[in-house]
Amino acid sequence: MFGRWVEFEFDCLPLRSLGRLDVPLDASPAYEAFVLKVKAALSKHGAHNTYFLHHAICRFHLTNDPNNGQIEFQVEGVVMTGENDIKTKAVDLNITLSKETCPWLNEPSVEFLAESVKHAVAIEFDRYIQAGDLTKTKERIDAMSEQIEEGDGFQAMYL
């Protein structure tokens, strides 16, 4: 029924799941940079209904041949959902052209597609929510909160 015109893959870090944000002394420069980006996202957008996307790639297929007409963007940033965590409300993303097999690509097209990435991310994140991953996480957090309130003992660190 549907073609594969847009692909989006990503890792997602719910900002509400963060405990500590200090960088370990023996952290690699790449990990330190990641922690600093997460800190900046948390400072700018808060932890409530916000998700940090990283290692994200958005690919557009303009033809049915990956060797001709494929455009790929690296994506990193924050997705914000509405109050009930069921729909994307806004995105704040860094989008960079990373690869293309499209000899007719020009700068206005890149700008248009970079803007289109924001819309594609919102749609795909809504699909991610509907798939149930965030619902399961919320149920797990609610269950842990109940255990803590009932005083059922020690809860694991860094949840």
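Helices (DSSP runs of H or I, at least four residues) and strands (DSSP runs of E, at least two) are numbered from the N terminus, and in these terms helix H1 is followed by glycine 46, whose phi is positive, near 80°. The structure is a predicted model, in which local features need pLDDT of at least 70 and side-chain atom pairs count only at pLDDT 80 or more, whereas totals for chains, interfaces and linings use all residues. Residues are numbered from 1 along each chain as its sequence is written, and side-chain values use heavy atoms, with hydrogens and water left out.

**Overall architecture**

- The secondary structure comes to three helices and four strands, which follow the pattern β-α-β-β-β-α-α when read along the sequence.
- Of the 159 residues in the chain, 31% are buried, where buried means under 20% relative accessible area, exposed means over 50% and partly exposed lies in between (1.4 Å probe, protein chains only).
- Taking a contact as heavy atoms within 4.5 Å, 64% of the contacts between residues at least 6 apart in sequence join residues that are at least 24 apart.
- The chain exposes about 10,400 Å², of which carbon and sulfur atoms supply 54%; the areas come from the Shrake-Rupley method with a 1.4 Å probe, and for residues only the protein chains shown count as cover.

- Helix H1 spans residues 29-45, and its 17 residues reach 24 Å from the first C-alpha to the last, close to the 24 Å expected at 1.5 Å a residue; the expected span is 1.5 Å times one less than the number of residues.
- Val35, Val38 and Ala41 are buried in H1, and seen down the helix axis the buried residues fall within an arc of 120°, so they line one face of the helix; the arc is that of the directions from the helix axis to the C-beta atoms.
- These buried residues of H1 pack against strand E1 (6-14), strand E2 (50-65) and strand E3 (68-81), while Pro29, Ser43 and Lys44 are exposed on the other side of the helix.

**Nonpolar cores**

- A nonpolar core is a set of buried Ala, Val, Leu, Ile, Met, Phe, Trp, Tyr and Cys residues joined through side-chain atoms within 4.5 Å, and in the largest one, of 20 residues, Cys58, Phe73, Val75, Val117 and Val121 touch the most other members.
- The elements giving two or more residues to this core are E2, E3 and H2, and H2 gives the most, with eight residues.
- A second, separate core of seven residues includes Leu13, Leu15, Ala41 and Phe52.
- When residues up to four places away in sequence are not counted, cysteine 58 touches Val6, Glu7, Phe8, Ile71, Glu72, Phe73, Val75, Val117 and Ala120.

**Salt bridges**

- A search of the whole structure finds nine salt bridges, each defined as a side-chain nitrogen of Lys or Arg within 4 Å of a carboxyl oxygen of Asp or Glu.
- Arginine 59 forms a salt bridge with glutamate 9, with the closest N and O atoms 3.2 Å apart, and this pair links distant parts of the chain, arginine 59 being in strand E2 and glutamate 9 in strand E1, 50 residues apart.
- Arginine 59 counts as buried at 14% relative accessibility, whereas glutamate 9 is partly exposed, with a relative accessible area of 41%.
- Glu7, Glu9, Arg59 and Glu72 are linked in a network of salt bridges.
- Lysine 37 and glutamate 76 meet through their side chains in a salt bridge (3.0 Å, N to O); lysine 37 lies in helix H1 and glutamate 76 in strand E3, so the pair ties together parts that are 39 residues apart in sequence.
- Lysine 37 counts as partly exposed at 41% relative accessibility, while glutamate 76 is buried, with a relative accessible area of 18%.
- Within helix H2 (residues 107-130), glutamate 115 and lysine 118 lie three residues apart, about one turn of the helix, and their side chains meet in a salt bridge (3.4 Å, N to O).

**Backbone features**

- Most residues other than glycine have a negative phi.
- Histidine 55, in strand E2, has a positive phi near 50° and counts as exposed at 61% relative accessibility.
- Aspartate 85, found in the loop between E3 and strand E4 (88-100), has a positive phi of about 60° although it is not a glycine, and at 7% relative accessibility this aspartate counts as buried.
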